[in-house]
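User: I would like to learn how to read a helical model, one feature at a time. Could you take me through it, giving the general idea before the case at hand?

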Amino acid sequence: MKPSTLAALLSFVIPGAGQLYNGHIWRALFWLIVTPGLWIGSGGLFGWVCHLIAAWTAWHKAQEKERE
């Protein structure tokens, strides 16, 4: 499995885990705090959006890392 795919999968399951896998601690903390906040704050309406964005950003940053 490619590192970018693994990062996206990790972050989809637990938002921020993919960022942590990529070595971006501050980004990981951001997603770990914001996603549950949106799940609770919106009554579950926008939490899934954060999950998708967190997974996409983890994948994108891992892709950039692979290109270097």
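User: What covers the buried residues of α4?

Analyst: Cover is read from contacts, meaning heavy atoms within 4.5 Å, and helices here are DSSP runs of H or I with at least four residues, strands being E runs of at least two, numbered from the N terminus. In this predicted model, what covers the buried residues of α4 includes α1 (3-13), α2 and α3 (25-41).

User: Which residues of α4 are buried?

Analyst: A residue counts as buried under 20% relative accessible area, as exposed over 50%, and as partly exposed in between, with a 1.4 Å probe and protein chains only. In α4 the buried residues are Gly47, Cys50, His51, Ala54, Ala55, Thr57, Ala58, Ala62 and Gln63, and over the whole protein buried residues make up 32% of the 68 residues.

User: How should I read the span of α4?

Analyst: The expected span of a helix is 1.5 Å times one less than its number of residues. The 21 residues of α4 should therefore span 30 Å, which agrees with the 31 Å between its end C-alpha atoms.

User: Which element has the lowest mean pLDDT, and which the highest?

Analyst: The pLDDT is the predictor's confidence in each residue, from 0 to 100. Helix α4 (residues 47-67) has the lowest mean, 90, and helix α2 (residues 17-22) the highest, 94, while the mean for the protein is 90 and 100% of its residues reach 70 or more. Because this is a predicted model, local features need pLDDT of at least 70 and side-chain atom pairs count only at 80 or more, whereas totals for chains, interfaces and linings use all residues. Residues are numbered from 1 along each chain as its sequence is written, and side-chain values use heavy atoms, leaving out hydrogens and water.

User: How many helices and strands are there in the protein?

Analyst: There are four helices and zero strands. The radius of gyration, taken over C-alpha atoms, is 12 Å, close to the 11 Å of the globule rule (2.2 Å times the number of residues to the power 0.38), so the protein is as compact as a globular protein of 68 residues.

User: Which residues does UniProt list for "transmembrane region"?

Analyst: UniProt positions are given in the numbering used here, feature names are shortened, and annotations may be inferred rather than shown by experiment. The unreviewed entry lists residues 28-59, over which the chain is 84% helix and 0% strand, with end C-alpha atoms 13 Å apart.
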